[in-house]
Amino acid sequence: MTDASEEAKQIEKLYEFGERLNEAKDKSQNVKDYEGIIDATKTSLKAKQLAAQLIPRFFKFFPNLSSRALNAHFDLIEEEDLAVRVQAIRGLPLFCKDTKEYISKIVDILGQLLTAEENVERDAVHKALMSVLRQDVKESLTALFKHIWNVEDPSQDDTIRDKVLCFIRDKVFPLKAELLRPQEEMERHITDLIKKSLGDVTGAEFRMFMDFLKSLSIFGERAPPECMKELIGIIEGQADLDAQFDVSDADHIDRLISCLFMALPFFVRGASGSKFLNYLNKHIIPVFDKLPEERKLDLLKALAEISPYTTPQDSRQILPSIVQLLKKYMPRRKTGEETNFTYVECFLFSFHHLAHKAPNATNSLCGYKIVTGQPSDRLGEDFSEYYKDFTERLSSVEDLTRATMKKLTQGMAEHNKAMAAAKSDEAKDSIKTQKQNTTTGLRTCNNILAMTKSLHSKTPAFIGDKSVNLSWKEAIKPPVPSSATATGVKRPATAANGSNNLATKKARGAGGMQNQLVNRALEGISYDGRGGGRGRGRGWGGRGRGRGYP
């Protein structure tokens, strides 16, 4: 251990080196002084702290000593003493202030240092990284993203990778307006970096990246169609739409459904959903009954929400599969089996919007007589049995729906009585949840009746507008006057309050049915494809399934 007098001499010597260098007009001539500063990194703690300030300050004047200076400074970053490490970290941005060729190396080191456990050290790393980013954002981002997509040893580098991702999410993305300049060039650059990172991401990471990309001006509301196509292509790649589907692969099912919901806003803006729909039609719908029960409803909700934005060609291709499944869940006669009203709502909604785009395709599927003047009308063929079968199924499901509505209405009255009698907050919260789900159930039933009504005609008018609002979607309300108060107003039930997986035993009597309906309404999942993970740890069950972009 260095004694106090020796340490004082070292400090005094360092100040002399620094003063001579400050005063020198041609600092490059003071090689011995700079070498003395470098050598001080092997002395006392206080001398090391001072050296950590002086080495980067005069670094640019001694290119022949650059390697030696950097190595000495990096040694200080690995010192046991926290104060030395922090001082060395704070000096890192100075190395590349006037010598841009070191930016990549410095960012690489700072990325590794994000794993620091001490708050003051980690804070110094964050500030140093932001300083370097402001010096040269393009080079800095490129070096930072290498920690995400260039992991050679996952067992060692996953922690660094995760810390870098957190830094990008928390520090870089919120400052995009300040950092990404010039805007179009830098937005394109960071988009390319993100695309290159997508070959090895979890579901949560992918959602984070997509949310950021959507916020960029190059993908904004005025973005050209090719930009929408690019984003859809990214989502398609992550959904593995080129892979053979294995119904036992839960990870792929989760990935596919989540990607469907992520793609929906772009379908609304006019992007093509053909690849998704073709994949669903070819691989998913034929094995729908084999899908995990908790994922069926997710898939049907996604399909229903996408259906208004399909093309006539895609609608015509997928309609036969939808009609086949719709008939399965709308039995012709009472069978004693459960009817899942939310499934029926999803299928009917999809059917209406698809048929609105390709109306005469329903002639050979449901026995309708819709005339478009095209050979596909097939008016010379007799499909009357199909019409009879389909309308009988409609009548059957309508009877069941009305009976269910009656029970739900009675249940709502009982909920109101129970609420009035409830004493504890816990009991009140429980009743509120039941009321919300009963309300959603009534919306489901009302939607079914609204959609079946016109389908009894031989030339039905298919719904192609927004007159039916899906039961799990929050109704669009008119603006509230500024003088009004929102106190006590509750949000209507949504998918997050329960799946509204209403199912009734048709063979059972009224006894106990009301409670069963409420219980069934509470069952299921609270996932609508937009939220967070499903408690599976790493989102989609681990990285490595998506498609990266070289």
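Me: Axes here are lines fitted to C-alpha atoms, for helices over the stretch in contact, and angles run from 0 to 180 degrees between N-to-C directions. On that basis, at what angle do helix α20 and helix α21 pack?

Reply: This is a predicted model. In it, helix α20 (residues 384-421) packs against helix α21 (residues 425-453) at an angle of about 155°, and their axes are 9 Å apart. Angles over 145 degrees count as roughly antiparallel, and α20 is therefore roughly antiparallel to α21.

Me: Is that crossing left-handed or right-handed? And which classes of residue make the contact?

Reply: α20 passes α21 in a left-handed crossing. The contact of α20 with α21 has 12 nonpolar, 11 polar and six charged residues.

Me: What about α18 against α21: what are the angle and the axis separation?

Reply: Helix α18 (residues 341-357) packs with α21 at about 35°, with the axes 9 Å apart. The crossing of α18 and α21 is left-handed. On the α18 side, the contact is made by Phe 341, Thr 342, Val 344, Glu 345, Leu 348, Phe 349 and His 352. On the α21 side, it is made by Thr 444, Asn 447, Ile 448, Met 451 and Thr 452.

Me: How do those residues divide by class?

Reply: The contact of α18 with α21 has six nonpolar residues, five polar and one charged.

Me: Stepping back, how many helices and strands does the protein chain have?

Reply: There are 22 helices and two strands in the protein chain. Of its 550 residues, 52% are buried. Taking contacts between residues at least 6 apart in sequence, 72% join residues at least 24 apart.

Me: Now α13. How many of its residues are buried?

Reply: In α13, 11 of the 14 residues are buried, so the helix is largely enclosed by the rest of the structure. They are Cys 227, Met 228, Glu 230, Leu 231, Ile 232, Gly 233, Ile 234, Ile 235, Glu 236, Gly 237 and Gln 238.

Me: What covers them?

Reply: The cover includes α11 (183-197), α12 (203-215), α14 (250-268) and α15 (274-284). As for length, α13 (residues 225-238) reaches 20 Å from its first C-alpha to its last, close to the 20 Å expected at 1.5 Å a residue.

Me: Which residue with a positive phi follows α13?

Reply: Asp 240 follows α13, with phi near 60°. That is a positive value in a residue other than glycine. Asp 240 lies in the loop between α13 and α14. Its relative accessibility is 14%, so Asp 240 counts as buried, the cut-off being under 20%.

Me: And Arg 378: what is its phi?

Reply: Phi of Arg 378 is near 50°, again positive in a residue other than glycine. Arg 378 is found in the loop between α19 (363-366) and α20. At 35% relative accessibility, Arg 378 counts as partly exposed.

Me: On backbone geometry still, which peptide bond is cis?

Reply: The bond from Arg 181 to Pro 182 is cis, with omega near -5°. Pro 182 sits in the loop between α10 (176-179) and α11.

Me: Changing topic to α7: what should its 17 residues span?

Reply: At 1.5 Å a residue, helix α7 (residues 119-135) should span 24 Å, and its end C-alpha atoms are 25 Å apart, which agrees. Its buried residues are Glu 121, Ala 124, Val 125, His 126, Ala 128, Leu 129, Met 130, Val 132 and Leu 133.

Me: Where is Arg 122 found, and what is it in contact with beyond its neighbours within four places in sequence?

Reply: Arg 122 is in helix α7. Leaving those neighbours aside, Arg 122 is in contact with Leu 114, Ala 116 and Glu 117. The C-alpha atoms of Arg 122 and Ile 89 are separated by 9.5 Å, and these residues are 33 residues apart along the chain. At 25% relative accessibility, Arg 122 counts as partly exposed.

Me: Finally, which helices do the buried residues of α4 pack against?

Reply: They pack against α2 (31-39), α3 (45-57), α5 (82-95) and α6 (103-113). The buried residues of α4 are Ser 66, Ala 69, Leu 70, Ala 72, His 73, Phe 74, Leu 76 and Ile 77. Helix α4 (residues 66-77) has 12 residues and reaches 17 Å from first C-alpha to last, close to the 16 Å expected at 1.5 Å a residue.

Technical notes:
Residues are numbered from 1 along each chain as its sequence is written. This is a predicted model: local features need pLDDT of at least 70, side-chain atom pairs count only at pLDDT 80 or more; totals for chains, interfaces and linings use all residues. Side-chain values use heavy atoms; hydrogens and water are left out. Helices (H or I, at least four residues) and strands (E, at least two) are DSSP runs, numbered from the N terminus. Angles under 35 degrees count as roughly parallel, over 145 as roughly antiparallel, 65 to 115 as roughly perpendicular and the rest as oblique. A crossing is left-handed if the near helix is turned anticlockwise from the far one by less than a right angle, and right-handed if clockwise. Ala, Val, Leu, Ile, Met, Phe, Trp, Tyr, Cys and Pro count as nonpolar, Asp, Glu, Lys and Arg as charged, and the others, Gly among them, as polar. The expected span of a helix is 1.5 Å times one less than its number of residues. Buried means under 20% relative accessible area, exposed over 50%, partly exposed in between (1.4 Å probe, protein chains only). Contact means heavy atoms within 4.5 Å.
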